[in-house]
Amino acid sequence: MAITVILMRIDYKDHVTQEVTQVRFTNAPFDVEYMGEVWQAAGDLLSIGKQETNYEIVTEGVEIQLSGINNSFRPVIDRHGFRFAPVDIFLATLEDNSNQVTAASYYHRGFALSPVTELDETSGTITVIFETQSAFKSLERNSHLMTTSIAHHASLHPNDKFFQYVADAGLGEETWRDG
């Protein structure tokens, strides 16, 4: 029986050396392979906010929590290397008795916001919690991404007659707005 696991990829940037390191985690109990890369097992120590499937573009972020981190990594986290780092979250299918992901689909793509760290003094570990901003969030602020003109469309698609049927050329630029 196949199970669904979370795959999370985040690009950590060391602001001192400018080096970018891709960090890959899964909530599977063992390391898995996907796209020729190993995704490190975090088991139940990795969690994301409520998982919901729908067929529309959602601009809300996702809360990500990674617990059980050795406190020695706190300086790495405090250097803001995860702040605004690209984050990809996949929901993946893992077959029984295999560490190979057979199928995966994007659940969320965005950018990490400032992390919050919580220290567990009894175990000496920290929990990092951060939210992401959806990659689609900028669509809400940039109206030019939803604006086009006949000339612009024709320059990109010279043989496409889309606007011939949609807009009167005498009206000029078309802007599509919500509501």
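Tutor: Two strands pair if DSSP finds at least two bridges between them; strands (E, at least two residues) are DSSP runs, numbered from the N terminus. This is a predicted model, in which local features need pLDDT of at least 70, side-chain atom pairs count only at pLDDT 80 or more, and totals for chains, interfaces and linings use all residues. Residues are numbered from 1 along each chain as its sequence is written, and side-chain values use heavy atoms, with hydrogens and water left out.

Student: What makes E1 and E7 a strand pair?

Tutor: Strand E1 (residues 3–13) and strand E7 (residues 86–94) are joined by 8 bridges and run antiparallel. Within E7, Phe-90 is the bridge partner of Leu-7.

Student: Why is the pair of Tyr-34 and Phe-90 called edge-to-face?

Tutor: Rings of Phe, Tyr and Trp (its six-membered ring) pair if their centres lie within 6.5 Å; planes under 30 degrees apart count as stacked, over 60 as edge-to-face and the rest as tilted. Here the centres are 5.7 Å apart and the planes stand at 65°, so the pair is edge-to-face. Tyr-34 lies in strand E3 (residues 32–34) and Phe-90 in strand E7, 56 residues apart.

Student: What makes Trp-39 and Phe-90 edge-to-face?

Tutor: Their ring centres are 6.0 Å apart and their planes at 90°, so this pair is edge-to-face. Both Trp-39 and Phe-90 are buried (under 20% relative accessible area, with exposed over 50% and partly exposed in between; 1.4 Å probe, protein chains only).

Note on methods. Helices (H or I, at least four residues) and strands (E, at least two) are DSSP runs, numbered from the N terminus.
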